[in-house]
Amino acid sequence: FLASRVYRSEYFGAMLRQDIGFFDIDGHAAGAMTSRLSTDPQRLQDLISANFGLILIVIVNLIGSCTLALALGWQLALVTIFGCLPALFFAGFMRMRLEMQSQDRTAKLYQDSARFAAEAVGAIRTVSSLTMEAKVLENYAGKLDVTVRKAYRHIVVSMALFGLSESLDLAGNRGLAPF
């Protein structure tokens, strides 16, 4: 929690030190920057805390497994290391890349609704004095509905591809099983 607070503080300070022209760039509006301020430091914290330990465990396991395999049967180990590991690394890299693109796409989809909400909150006195709360909520819900529909389409396609890759992996393992 403390690290996340430090990251947010540094992120906000970096935003404040930007030139005026930075905020004129598409995607750098007040609502988008506020949304980023709440999500980006949390992503960094998640990366450093959970994923860093997992990456370290994977590297140690990989080195240990390769060393043990080379000690027990070096011919089969070399085939596995140079034949199978590159394909596994490529598949893992592609999966991470698709997940990152999916997160970026989702953030861009929600950016419009976050911008609208920030503008509505910024003008809350005007909205309240004109008794337009229901209309603003209706417009916000409409923006979220469009975003969710677009996100669902992408999720269905990516989950179908993920299911296909997992089933192919299971089918390949099943073919190697002695029973």
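Me: At which residue does helix 3 bend, going by this model?

Reply: Keep in mind that this is a predicted model. Helix 3 bends by about 35 degrees, and a proline, Pro 86, follows within four residues of the spot. The residue where the bend sits is Cys 84.

Me: OK, and how far does helix 3 reach from its first C-alpha to its last?

Reply: Helix 3 covers residues 74–122, which makes 49 residues. At 1.5 Å a residue you'd expect 72 Å, and the model comes close to that. The reach is 67 Å.

Me: Is Phe 82 buried or exposed?

Reply: Phe 82 lies in helix 3. Its relative accessible area is 63%, and the cut-off for exposed is over 50%, so Phe 82 counts as exposed.

Me: Which residues form the nonpolar patch on the surface?

Reply: Helix 3 gives the most to this patch, with three residues. Together the members have about 440 Å² of accessible area. They are Leu 70, Trp 74, Leu 78 and Phe 82.

Me: Which residues of helix 3 are buried, then?

Reply: Buried means under 20% relative accessible area. Across the protein, 13% of the 179 residues get that label. In helix 3 they are Ala 77, Ile 81, Leu 85, Gln 111, Ser 113, Phe 116 and Ala 120.

Me: And how much of the protein's accessible surface belongs to carbon and sulfur atoms?

Reply: The protein has five helices and zero strands. Its accessible surface comes to about 13,800 Å². The carbon and sulfur share is 69%.

Note on methods: Residues are numbered from 1 along each chain as its sequence is written. This is a predicted model: local features need pLDDT of at least 70, side-chain atom pairs count only at pLDDT 80 or more; totals for chains, interfaces and linings use all residues. Side-chain values use heavy atoms; hydrogens and water are left out. Helices (H or I, at least four residues) and strands (E, at least two) are DSSP runs, numbered from the N terminus. The expected span of a helix is 1.5 Å times one less than its number of residues. The bend at a residue is the angle between axes fitted to the seven residues ending there and the seven starting there. Buried means under 20% relative accessible area, exposed over 50%, partly exposed in between (1.4 Å probe, protein chains only). Patches are made of residues with over 30% relative accessible area and no salt bridge: like charges are joined within 9 Å, nonpolar side chains (Val, Leu, Ile, Met, Phe, Trp, Tyr) within 5 Å. Accessible areas come from the Shrake-Rupley method with a 1.4 Å probe; for residues, only the protein chains shown count as cover. A salt bridge is a side-chain nitrogen of Lys or Arg within 4 Å of a carboxyl oxygen of Asp or Glu.
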